[in-house]
Structure formats: structure tokens, C-alpha cells
Amino acid sequence: MFLKKKPAVTVDARLKHIAFIMDGNGRWAKKRSMPREYGHISGAKTFKTIIRYCGDIGIRMITVYAFSTENWKRPKEEVDAILKLLSDYIDDAEASMDENNIRLVFLGDKSIFPPELRDKIDHVENISKDKELLLNIALNYGGRAEITHACNTLMASGRTSVCEEDLSAAMYTSHCPDPDLIVRTGGDKRISNFLLWQAAYAELYFTDTLWPDLKPAEIDKIVADFYGRKRRFGGI
Ligand code: IPE
Ligand code: IPE
Ligand code: MG
């Protein structure tokens, strides 16, 4: 991928894994007197731009919060529109598999989805598994559901006591390190059940920018802000 201009930041080993709570699609549409679905369509375009840009500046692992275990509370038309956009994204990713370097992994309970979508997810995960840039898509994901699922998995394997490493290994994210930085767009300062276990020492960045408005230039600013922070992990 060629960048039109040199990015303002270069990424090093301090920022291996970035995560996004992609919030604000509905408000973005409302501001334009358009249905919420229109905001999700625009958000899906931003998602592609931001993923590509993060890869271009050298971030090797990205996690996005696409649909939470609580988002089922929304009207069926909106849920269907979001799931259709995701299904379209998987089709695109599959079609362009040779030109991109993205490994797709879905975080969350897939059993709830119709068999066609489940098969599609399994297939794209499988064919992309040797690619270098990791993109985790949290779909029907909730941090509490994940921790509960991990406990049940460990108990089913006969464990009566567990350590932190056991739990980390039983999470949907067992294939990658914890995120270094979690960014939430849309102005709200909360986690909304995202990566509860993994966020223990993540840096948090909140921006008022609505997700569809997020641009690569703001990623430069966010990354620069991250590099200005001192992570102590409880030390001094
Ligand atoms: C985030 O945008 C996308 C999903 C939750 C799928 P929202 O749809 O929550 O947008 P707002 O927060 O209502 O503006
Ligand atoms: C978080 O956004 C979930 C995703 C971005 C997928 P929400 O819009 O669902 O969060 P709340 O309801 O404002 O906490
Ligand atoms: Mg929201």
C-alpha cells in the first residue's frame, strides 16, 4: 500500500495493538436527517480507511468493536443492516485476499448467527490465517460474556482452580497480546463491555469525533499522544 504523503508518526514496538470502539454512527446520520443505517454505511467506509492506514503506519494488530452482546436491543432493521455490512465486508476481504495482508479473527459467540454467516466467518478466518496484519472483529462480543465463557471452558476441561494465564489463554484474544491503546470515538467516556479483561493496563483515548468522521490525520494525533504517555504498569 502506498501512502500519498508521509505520515506524521512512525510506529514502534510500544504500540503493537490498537483497539477501536467505533461509536457515533447513529448520531452522524441524525445530524444529516438520515436513517441510522446510513451512518453505519458511512462507518463501514471509515473502518476500511482506518484499518488500511493503521497497517500503513506499521501497527500490526487492530481490534474493532463492531457489534456488542447488548446491541441486539436495537430495532431489527438496524441489526440486520449492521450484520449485512459485516457480511459484505467479509465478501470483499475474501475477494481481495491476494492483494492485502490481513488476518481476520472474529471475537465473540458465533453460535447465535445463521449457518451461512458462521460458515463465511470460519472460511475467511481459515484462508487468512497466515497473513501478517491481525484484524480482530468483535462481533456479538461482550467482555462479561467472554470472561464467563472462559470460566466455563476451563471448568469443562476439569479445572478446579485457575491462574491469570489460564484465563488469558481461554479468552477470544488468546492469539494476541493485550491492546496497548483503546480509542473510543463519539464522545462518550466509557468502555461499554469491551475487552474488560484485556484492558487492565491499556491506555485510553476518547475523542468527540463521530466514527464516520475519523480521519488518518487524527490517528497521527492519537498515536503521538500515546507516545507522550508514561506507562508504569504499577511500577514507578
Ligand atoms: C456504533 O455507532 C456502531 C455500533 C454500535 C454497531 P452507534 O450506532 O452506537 O452510534 P450512536 O452512538 O448511536 O451515535
Ligand atoms: C459500543 O457502542 C458498541 C460498539 C461500538 C459496537 P454502543 O453505542 O453500543 O455503547 P453505549 O450503548 O453507548 O454504551
Ligand atoms: Mg453508540
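User: Which pocket is the space taken by ligand 1?

Analyst: Keep in mind that this is a predicted model. Around ligand 1 there are 13 residues, with D23, G26, R27, R36 and R74 being the closest. As for the space that ligand 1 takes up, it's the largest pocket.

User: How much of ligand 1 does the protein bury?

Analyst: Let's start with the contacts. The side chain of D23 has an N or O atom 2.8 Å from an oxygen atom of ligand 1, and a polar side-chain atom of R27 sits 2.7 Å from an oxygen atom of ligand 1. Taken alone, ligand 1 exposes 370 Å², and of that the protein buries 87%.

User: What about ligand 2: how far is the polar side-chain atom of S192 from an oxygen atom of ligand 2?

Analyst: S192 is one of the residues surrounding ligand 2, and so are N71 and R184. For N71, a polar side-chain atom is 2.9 Å from a ligand 2 oxygen, while for R184 that distance is 3.4 Å. For S192, the distance is 2.6 Å.

User: Which strand supplies the largest share of the shell around ligand 2?

Analyst: By class, this shell has 5 nonpolar, 2 polar and 4 charged residues. The largest share is 3 residues, and they come from strand β2 (residues 61-68).

How values were computed
Residues numbered from 1 in each chain as written. Chains lettered and ligands numbered in written order. Predicted model: local features only at pLDDT ≥ 70, side-chain atom pairs only at ≥ 80, totals over all residues. Heavy atoms only, no water. Near = heavy atom within 4 Å. Polar contact = N/O pair within 3.5 Å; in protein donor to acceptor, adjacent residues only side chain to side chain. Areas by Shrake-Rupley, 256 points an atom, 1.4 Å probe, with all protein chains shown as cover. 1 Å grid on protein atoms, 1.4 Å probe; cavity = no way out; pocket = protein on both sides within 12 Å on 5 of 7 lines; lining within 4 Å. Sits in = over half its atoms within 2 Å of the grid points. Helix = DSSP H or I, 4+ residues; strand = E, 2+ residues; numbered from the N terminus. Nonpolar A, V, L, I, M, F, W, Y, C, P; charged D, E, K, R; others polar.
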